[in-house]
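Hi,

Here is the structure I promised to pass on. Have a look at it first, and my notes follow below.

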Amino acid sequence: MAAKDNNSAARSVNPVFSLVSGTFAGAVEGFATYPIEYTKTVAQFSTKAGEKPPNPITIARETVSKHGIRGLYSGCGALVAGNALKAGVRFLSYDHFKSMLKDENGKLTAPRSLLAGLGAGMMEAIFAVTPSETIKTKLIDDAKRVQPKYPRGLIPGSMAIIRDEGLTGIYRGLVPVMLRQGANSSVRFGTYSTLRNFVQGSSRPGQPLPSGITFGIGAVAGIVTVYATMPLDVVKTRMQTLEARTQYKNTLDCMVKILRHEGILAFWRGATPRLARLMLSGGIVFTVYEKCMDALNSMTAK
């Protein structure tokens, strides 16, 4: 997938460029889409039995009325920092696995692209996503309280959470995060790579794609990813809330309780804001990544 077409092939991707481009793309995407991520996370918190969760617009309106625009960015620092690291690890890992899985002609088949995406998702879950999203979720959950327990801000909030729960506290929900990120990356990279190769092969062989087309392909990949992986995202959020230690024994127990008490549709709670975010996310992150890679490759070619 990365900055070059899979069919052009033999040219290897510079791992430093891949890491730098992915990190920058992740930071841009994380900040640009964070208010949508905030409303999705709030919508996924546990509600009373039979109670309908508020829609994203209601959540945004109530948050702004109580805390101002700043309220929509509660936990933002954790997600932006984590998103930058996550995207860097994701693209670096994907390009590495992709290089390993190419055939003798330098081509990457769709099944192998899915496998490379799965490996990238597992790597980002362990090294970036779980700690950053656990901190983000706990800070958002805490900010809703009348008397917040943790101080505002990424560093003081993170330190307070670690003092309270230890390092294991920020790795709560690792299993559902690994499942979600593995599925996310497999579906997203697989869809993006397949569509990109199809468009490039049918209309622009050997030529780079315009930013508008890259954005559109990334957005479509985001749509497919949302509906395929939403249940894992809901379970991940529940396992990372402040009350998770007393509510759920493990990931399976969490899934069973959601199904039993809230019904099957609860697994797609927050799908609308997540859909909006991943459409923008897919478009932004792939476009920024490819443009950054092109710029870095052009600089070294001179």
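Ile-223 counts as partly exposed, because its relative accessibility is 32% and partly exposed covers the range between under 20% (buried) and over 50% (exposed). Please keep in mind that this is a predicted model. Ile-223 sits in helix α7, which covers residues 211-239.

Ile-223 also belongs to a nonpolar patch on the surface, together with Tyr-227, Leu-259, Ile-264, Leu-265, Trp-268 and Met-279. The accessible area of these residues together is about 680 Å².

Now to the inside. How many cavities of 30 Å³ or more does the structure hold? There are three, and the largest cavity has a volume of about 210 Å³. Its lining is made up of 19 residues, and those nearest the centre are Lys-86, Asn-184, Arg-188, Arg-277 and Leu-278. Two or more lining residues come from each of α1 (15-44), α3 (76-101), α4 (110-143), α6 (174-203), α7 and α10 (271-301). Helix α6 gives the most to this lining, with five residues.

In the model, residues 111-198 are 80% helix and 0% strand, with the end C-alpha atoms 15 Å apart. For residues 209-295 the chain is likewise 80% helix and 0% strand, and the end C-alpha atoms are 14 Å apart.

Happy to go through any of this with you.

Best wishes

Technical notes. Residues numbered from 1 in each chain as written. Predicted model: local features only at pLDDT ≥ 70, side-chain atom pairs only at ≥ 80, totals over all residues. Heavy atoms only, no water. Helix = DSSP H or I, 4+ residues; strand = E, 2+ residues; numbered from the N terminus. Patch = residues over 30% accessible without salt bridge, like charges linked within 9 Å, V, L, I, M, F, W, Y side chains within 5 Å. Areas by Shrake-Rupley, 256 points an atom, 1.4 Å probe, with all protein chains shown as cover. Salt bridge = Lys/Arg side-chain N within 4 Å of Asp/Glu carboxyl O. Buried < 20%, exposed > 50% of the residue type's maximum accessible area, 1.4 Å probe, protein only. 1 Å grid on protein atoms, 1.4 Å probe; cavity = no way out; pocket = protein on both sides within 12 Å on 5 of 7 lines; lining within 4 Å. Points joined across faces, edges and corners; volume = space filled by probe spheres on them.
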